[in-house]
Structures are given as C-alpha cells and as structure tokens.
Amino acid sequence: MAKVVNYISDAFEELKSNVTWPEWAEVQRLTIIVAVFSVVFALATWGVDEIFAKALAGFFNWIKA
C-alpha cells in the first residue's frame, strides 16, 4: 500500500513542479475549437447516417416492388 501512496504523491509533485500549464485564455480558445469541431463532426455523422438510411430504404423498397 505504501508503494501506491508514494506513486500518487510523486505524480502530484510531478504535476506541480514539472508540467507547463497553458494560460487560461489559451485553454478557453482551444476548448471552443474542440466544441465547434465536435458539433461539426456530429452533424456530419448524422448526415451520412441519414443518407445511408434513405439509400437502404430505397433499395429495399425497390426490391419489394
């Protein structure tokens, strides 16, 4: 158990002393960029799904006829 506690303690010390954290303005800018691309990717995925759903529905209606 002492090894686990030592590992966690060392990890927190590493984060405090050796990691260069970005400025708050940069964090906000990058968060907005990620949010915008996530929405765009979700809309693109939805669009492709709709196209394939309509294509498959048309194909099966064509086979039924």
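Buried residues account for 0% of the 65 residues in this chain. The structure is a predicted model. Its chain has two helices and zero strands, and it is more spread out than a compact globule, because its radius of gyration of 25 Å is well over the 11 Å that the globule rule gives for 65 residues.

**Overall dimensions and surface**

- Taken along the principal axes, the box filled by the C-alpha atoms of the chain is roughly 70 × 35 × 10 Å.
- The chain has an accessible surface of about 6300 Å², and carbon and sulfur atoms contribute 73% of that surface.
- The C-alpha atoms of A2 and W46 are separated by 50 Å; these two residues are 44 residues apart along the chain.

- Helix α1 comprises residues 2-17, and both V5 and A2 lie in it.
- A2 is classed as exposed because its relative accessible area is 62%, and the cut-off for that class is over 50%.

- The structure contains two aromatic pairs.
- One of them is formed by F59 and F60, whose ring centres are 5.6 Å apart; with 65° between the planes, this pair is edge-to-face.
- The rings of F59 and W62 also pair, with their centres 6.1 Å apart. Their planes lie at 40°, so this pair is tilted, as the edge-to-face class requires an angle over 60 degrees and the stacked class an angle under 30 degrees.
- Through these ring pairs, F59, F60 and W62 are linked into a cluster.
- F59 and W62 are separated by about one helical turn because they are three residues apart in helix α2, which spans residues 24-64.
- F59 counts as partly exposed because its relative accessibility is 40%, a value between the limits of 20% and 50%.
- W62, by contrast, counts as exposed because its relative accessibility is 65%.

Key: Residues numbered from 1 in each chain as written. Predicted model: local features only at pLDDT ≥ 70, side-chain atom pairs only at ≥ 80, totals over all residues. Heavy atoms only, no water. Helix = DSSP H or I, 4+ residues; strand = E, 2+ residues; numbered from the N terminus. Buried < 20%, exposed > 50% of the residue type's maximum accessible area, 1.4 Å probe, protein only. Phe/Tyr/Trp six-rings, centres within 6.5 Å; stacked < 30°, edge-to-face > 60°. Rg over C-alpha atoms; globule rule 2.2 N^0.38 Å. Areas by Shrake-Rupley, 256 points an atom, 1.4 Å probe, with all protein chains shown as cover.
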